[in-house]
Amino acid sequence: MSKLFASLPANTQGRDFVVGDVHGCFTELRQLLETVVFDGSRDRLLSVGDLVDRGPESAAVLEWLAYPWFYAVRGNHEQMALEFDLADTDSCERYLHNGGGWFICRPEEEKQRYREAFSAMPLAMEVACEHGLVGLLHADCPGDNWNALRDKLKGWQDESLLSEEDRKWRYELIWSRERAKGGERQPVVGVVMLCVGHTPRQEVRQVDNVHYLDTGGVYGRKLTLLPLDTLEPVSVPVPDKGYGYKVIES
Ligand SMILES: [Mn+2]
């Protein structure tokens, strides 16, 4: 049984950092860690999901997920890998279009190793820090209530047995751009801040108490790390890898 909601205790020894959508740009993630002098014996790295697809080093995700200091929630791209079905032409085309070629072409036994790792990624995570409780998930908090989200995810015993309604709710959690595009939402109750990715912007920005950390690294912009103590974003540029088709709003 996978654990779909994770709670991390406060890190009393070191620092916590949250990284935006990596999308296979692990070289730049290493550069970021060097920039902040990351110490794996006491610091922790948290991810808002979408570690894979489009970028050149997606296959390295297993190595990263195995690090004891690395904690990642599942993004819509990990979910696409989980739902990918070679026998379904539509799902193949959709995943290929979304940068999943690296996964689609792998032998079945390798795909299975990735599926096991992705299905073990929680859909949401919370971490206690000096500012209060911080939430992480990929796109948005359905219902704008963290306590309700926690209760719901803790109550899910088997993800393969979800009702249609719960599948829609999960879809919103990892795919929604409603708030990011100015839809009418409320601040998320139950956390001081919610860190998300999914909707790339030129800079880190905040809508209500939701912080958008995807700064379009894989689109030739930059990859960004948010230290949870200073809340001052740190970025490294990412060379343009030819995926610059996506419009990034300022
Ligand atoms: Mn995404």
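I began with burial: buried residues make up 40% of the 250 residues in the protein chain. I call a residue buried if 20 or more other C-beta atoms lie within 10 Å of its own, exposed if 12 or fewer, and partly exposed in between, with C-beta atoms placed from the backbone. The model is predicted, so I took local features only at pLDDT of at least 70 and side-chain atom pairs only at pLDDT 80 or more, while totals for chains, interfaces and linings use all residues. Residues are numbered from 1 along each chain as its sequence is written.

**Entry 1. Overall form**

I looked up the secondary structure and found eight helices and eleven strands in the protein chain. Helices (H or I, at least four residues) and strands (E, at least two) are DSSP runs, numbered from the N terminus. The C-alpha atoms fill a box of roughly 50 × 40 × 35 Å along the principal axes.

For contacts I used C-beta atoms, placed from the backbone, that lie within 7 Å. Among contacts between residues at least 6 apart in sequence, 69% join residues at least 24 apart.

**Entry 2. The six-stranded sheet**

I traced an open sheet of six strands in the order β1-β5-β6-β7-β9-β8, with mixed pairing. Its edge strands are β1 (5–8) and β8, each of which pairs on one side only. From one strand to the next, the twist averages 25°. Helix α7 (residues 146–155) packs on the sheet and touches β1, β5 and β6, and its direction makes about 120° with that of β1. Axes here are lines fitted to C-alpha atoms, for helices over the stretch in contact, and angles run from 0 to 180 degrees between N-to-C directions.

I count two strands as paired if DSSP finds at least two bridges between them. β5 (residues 124–129) and β6 (residues 132–136) pair in the antiparallel sense over five bridges. A hairpin of two residues joins β5 to β6. Within this pair, C129 has G132 as its bridge partner, and V127 stands opposite V134. On to the next pair: β6 and β7 (residues 193–196) run parallel over three bridges, with G135 opposite L194.

**Entry 3. The core**

I searched for nonpolar cores, meaning sets of buried Ala, Val, Leu, Ile, Met, Phe, Trp, Tyr and Cys residues joined through C-beta atoms within 7 Å. The largest has 56 residues, and those with the most contacts inside it are V18, V73, L136, L137, C195 and V196. Strand β7 gives the most to this core, with four residues. I listed the neighbours of C195, leaving out residues up to four places away in sequence: V18, V48, V134, L136, H211, L213 and L226.

**Entry 4. Helix α1**

In α1 (residues 26–35) I found F26, E28, L29 and L32 buried. Seen down the axis, the buried residues of α1 fall within an arc of 155°, so they line one face of the helix. The arc is that of the directions from the helix axis to the C-beta atoms. These buried residues pack against β2 (16–19), α2 (61–65), β10 (222–227) and β11 (234–237). After α1 comes V37, with a positive phi near 50°.

**Entry 5. L65**

L65 lies in helix α2. I recorded L65 as partly exposed, with 18 other C-beta atoms within 10 Å. Leaving aside neighbours within four places in sequence, L65 contacts F70, A72 and A117. The C-alpha atoms of L65 and F118 are separated by 9.2 Å, although these residues are 53 apart along the chain.

**Entry 6. Positive phi in non-glycine residues**

H198 has a positive phi near 80° and is not a glycine. I placed H198 in the loop between β7 and β8 (205–207). H198 is buried, with 24 other C-beta atoms within 10 Å.

D208 has a positive phi of about 55°, again without being a glycine. D208 sits in the loop between β8 and β9 (210–212). D208 is partly exposed, with 13 other C-beta atoms within 10 Å.

Notes:
Two residues are in contact if their C-beta atoms, placed from the backbone, lie within 7 Å.
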